[in-house]
Amino acid sequence: MAAEVESLENILEKHVPADELKEVFRILYGRQLEPLNFSEAATKLATDRKVELKGYAFAKAPMQTVAARIVRVGAIQNKIVLPTTAPIQEQLESLHRRLGEVIDIAGESGVNVLCLQEAWTMPFAFCTREKQPWCEFAESAENGPTTKLMQEYAKKYNMVIVSPILERDEIHGETLHNTAVVISNTGAVLGKSRKNHIPRVGDFNESTYYMEGDTGHKVFQTQFGKIAINICYGRHHPQNWMMYGINGAEIVFNPSATVGALSEPMWGIEARNAAIANSYFTVAINRVGTEHFPNEFTSANGQPAHKDFGHFYGTSYVAAPDGSRTPGLSRTIDGLLVTEMDLNLCRQVKDTWGLRMTQRLPLYAESLAEAIKPDYQPPIVKE
Ligand SMILES: NC(=O)NCCC(=O)O
């Protein structure tokens with residue numbers, strides 16, 4: 001099998017003449033972003049721990065009457081550490097240790113709000129359709145071992161941490177959910193946001209493991225800004241992104257797990273388009289690596305059974321309301337992407353483009369209320 005491409009940006013840098021490269025990136029990614037400088041300690045930690053550390057500052061949004069609201073946001077993408085055949089507890093602990101190593105780098109890099117990838121405590125085993133042992137990774141959002149660990153890191157680094165896990169809701173019949181736990185920089189659990197839209201595509205057989213989320217479109221008011229979480233497949237639904245915007249989000253995280261053959265052409269568009277359409281920042285995070293499972297499974301497409309999902313292509317990136325975006329992290333290795341943003345850009349872009357003023361929500365509220373009626377007749381005009 002051909003080696004995975006490391007990154008699109010590396011290919012462009014290798015082949016596009018230097019004098020044209022800047023213009024190529026401007027056309028592709030919008031306003032050029034300044035790279036962030038990290039402390040020697042952060043750079044050394046990243047090198048020693050084999051973590052790609054990249055940082056960019058988005059355009060400032062100077063205002064006369066409002067102080068700048070500069071926030072550093074971190075996004076982590078990673079591989080699983082142990083084979084999927086290792087005991088569950090060991091797999092969990094290995095990921096706790098590995099992510100602890102990366103969180104240290106985020107702390108050393110001055111990150112204020114950090115988000116990890118979807119279901120970061122486990123392999124993405126939903127392709128197998130086997131319930132055991134994978135459901136054993138599910139844990140309480142409020143007081144499971146992962147939340148307790150993240151609370152320690154949040155306090156240590158004065159950092160808000162968004163920790164997406166497979167949740168076991170012990171109060172409601174031990175039901176499972178795909179949930180992002182939001183931990184305040186004080187260490188308190190601020191709340192949780194559950195995945196609203198569950199995939200039924202390719203090997204993403206997640207609907208057999210947990211149900212559609214029931215937490216709506218919560219926005220969490222943190223010390224560093226108003227944040228929300230649209231988990232993975234929810235990024236295909238513009239109305240999901242829209243509701244977080246309506247509720248006032250300034251940064252929406254999209255912790256994901258998705259593979260190249262299925263979604264890579266959509267990846268760079270969806271979160272970026274959401275940032276533009278809703279006048280907020282978006283943070284798209286995807287895991288990396290290929291995960292092999294002990295038993296063969298089919299993809300119900302007539303092809304031979306296999307034991308892996310395909311390659312998770314990483315390429316995590318951040319997009320701003322003015323349409324600019326960072327380059328992606330690597331397609332193959334663990335990484336931490338740090339971005340510095342002025343949240344006032346959300347308001348400035350709203351004023352400049354007027355997308356929220358021209359949105360015409362009542363028109364769509366009325367149209368949708370009609371369209372969902374069982375006897376609805378679409379207004380199709382025929383000759
Ligand atoms: N994890 C997840 O929802 N993946 C679905 C595939 C995709 O949305 O790209």
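How many residues of the shell around the ligand are nonpolar, polar and charged? I opened the notebook with that. I counted 6 nonpolar, 3 polar and 1 charged. The model I am reading is predicted.

**Entry 1: the ligand shell**

I listed who surrounds the ligand. Glu-118, Pro-199, Phe-204, Cys-232 and Tyr-233 are among them. The list also includes Ser-256, Ala-257, Thr-258, Leu-262 and Ser-263.

**Entry 2: the whole chain**

I stepped back to the overall fold. I found 9 helices and 15 strands in the chain. The C-alpha atoms fill a box of roughly 65 × 55 × 45 Å along the principal axes. I then checked the radius of gyration. A compact globule of 383 residues would have one near 21 Å, and the chain has 21 Å, so the two agree. Buried residues make up 47% of the 383. I also looked at contacts between residues at least 6 apart in sequence. Of these, 70% join residues at least 24 apart.

**Entry 3: strand β15**

Next I went to strand β15, residues 335-342. Is β15 mostly covered or mostly open? It is mostly covered, with 7 of its 8 residues buried. I looked for its partners. Strand β2 (residues 52-57) pairs with β15 in the parallel sense, over 6 bridges. There, Leu-53 stands opposite Leu-336 of β15. Strand β3 (residues 70-77) runs antiparallel to β15, and 8 bridges join them. In this pairing I noted Val-73, whose bridge partner in β15 is Thr-339. One reminder for myself: in a regular strand, side chains alternate between the two faces of the sheet.

**Entry 4: the nonpolar core**

Which residues touch the most other members of the largest nonpolar core? They are Val-113, Leu-114, Ile-251 and Val-283, out of 98 residues in that core. Helix α4 (residues 88-108) gives the most to this core, with 7 residues. Setting aside residues up to four places away in sequence, Leu-114 touches Gly-74, Ile-76, Ile-103, Ala-106, Met-159, Ile-161 and Val-162.

**Entry 5: Asn-240**

Last, I picked one residue. Asn-240 sits in helix α6, residues 238-246. Why is Asn-240 classed as partly exposed? It has 19 other C-beta atoms within 10 Å, and buried would need 20 or more. Beyond its neighbours within four places in sequence, Asn-240 is in contact with Asn-196, His-197, Asn-230 and Gly-234. I also checked Gly-216, 24 residues away along the chain. The C-alpha atoms of Asn-240 and Gly-216 are separated by 9.3 Å.

How values were computed. Residues are numbered from 1 along each chain as its sequence is written. This is a predicted model: local features need pLDDT of at least 70, side-chain atom pairs count only at pLDDT 80 or more; totals for chains, interfaces and linings use all residues. Helices (H or I, at least four residues) and strands (E, at least two) are DSSP runs, numbered from the N terminus. A residue is buried if 20 or more other C-beta atoms lie within 10 Å of its own, exposed if 12 or fewer, and partly exposed in between; C-beta atoms are placed from the backbone. Two residues are in contact if their C-beta atoms, placed from the backbone, lie within 7 Å. A residue is near a molecule or strand if its C-beta atom, placed from the backbone, lies within 6 Å of it. Ala, Val, Leu, Ile, Met, Phe, Trp, Tyr, Cys and Pro count as nonpolar, Asp, Glu, Lys and Arg as charged, and the others, Gly among them, as polar. Two strands pair if DSSP finds at least two bridges between them. A nonpolar core is a set of buried Ala, Val, Leu, Ile, Met, Phe, Trp, Tyr and Cys residues joined through C-beta atoms within 7 Å. The radius of gyration is taken over C-alpha atoms; the globule rule is 2.2 Å times the number of residues to the power 0.38.
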